[in-house]
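Dear colleague,

Please find below the structure that I am handing over to you. My notes on it follow directly after.

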Amino acid sequence: MKTTVLVFHPSLSSSRVNARLARAAQATDDVEVRYLYDLYPDSRIDVEAEQRVLEAADRIVWQFPMYWYSSPALLKQWEDDVLTYGWAYGSTGTALHGKELAVAVSPGAAAERYTPTGQYGVTVDQLLLPFATTSRLIGTRFTEPFVTPGAMQISDADLEHQAEAYRSWLTAPAR
């Protein structure tokens, strides 16, 4: 199974969590890692190239830090540009049907803040509903997200544990 990880982090050089997870993914067989902010620093996305990448993948992972309870801006633009009518959805838009889509997200706050009774009053899964809904529209199977909560204060040991867990999650059999 070929997995493609699309990393959407606007400042990966200053990232601890997403940079470590991306390195773990790169060190994993049958996983391709693409750094979208490096590829498109001017936000001009090569739609055809991105569509070819997606067509070649069995599992697509969007990896990103959670900003304001959502994704960095380039991921939204990428969705708007790449997931086109007639290709990704619509009566003839079947290019991604049957593939897996997942997210690897790193909220900055601790996990207990993302509960119905926590500070934010919602779960991370609830915040990811737009991604699950997009998956349904484009005919992919939205799988269990990989969540690294508390990214702002995660210990080095816990981050290493997460990196190894990420590698296992990326190579798990079809879900």
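Which residues make a nonpolar surface patch of about 400 Å²? The patch is formed by Tyr-67, Trp-68 and Tyr-69. Patches are made of residues with over 30% relative accessible area and no salt bridge, with like charges joined within 9 Å and nonpolar side chains (Val, Leu, Ile, Met, Phe, Trp, Tyr) within 5 Å. A salt bridge is a side-chain nitrogen of Lys or Arg within 4 Å of a carboxyl oxygen of Asp or Glu. Accessible areas come from the Shrake-Rupley method with a 1.4 Å probe, and for residues only the protein chains shown count as cover.

Please note that this is a predicted model, in which local features need pLDDT of at least 70 and side-chain atom pairs count only at pLDDT 80 or more, while totals for chains, interfaces and linings use all residues. Residues are numbered from 1 along each chain as its sequence is written, and side-chain values use heavy atoms, with hydrogens and water left out.

Tyr-69 lies in the loop between strand 3 (59-65) and helix 4 (73-82); helices (H or I, at least four residues) and strands (E, at least two) are DSSP runs, numbered from the N terminus. With a relative accessible area of 35%, Tyr-69 is partly exposed, a class that lies between buried (under 20%) and exposed (over 50%), with a 1.4 Å probe and protein chains only.

Strand 4 (residues 100-106) is largely enclosed by the rest of the structure, because 7 of its 7 residues are buried. Glu-100, Ala-102, Ala-104 and Ser-106 point one way from strand 4, whereas Leu-101, Val-103 and Val-105 point the other way. In a regular strand the side chains alternate between the two faces of the sheet.

Strand 4 runs parallel to strand 3, to which 7 bridges join it; two strands pair if DSSP finds at least two bridges between them. Trp-62 stands opposite Val-103 in strand 4. The chain passes from strand 3 through helix 4 to strand 4 in a right-handed β-α-β crossover, meaning that, with the strands pointing away from the viewer, the path from the first strand over the helix to the second runs clockwise.

Strand 4 also pairs in the parallel sense with strand 5 (residues 141-142) over 2 bridges, and Leu-101 stands opposite Phe-142 there.

Finally, Leu-36, in helix 2 (residues 36-39), is buried, with a relative accessible area of 0%.

Yours sincerely
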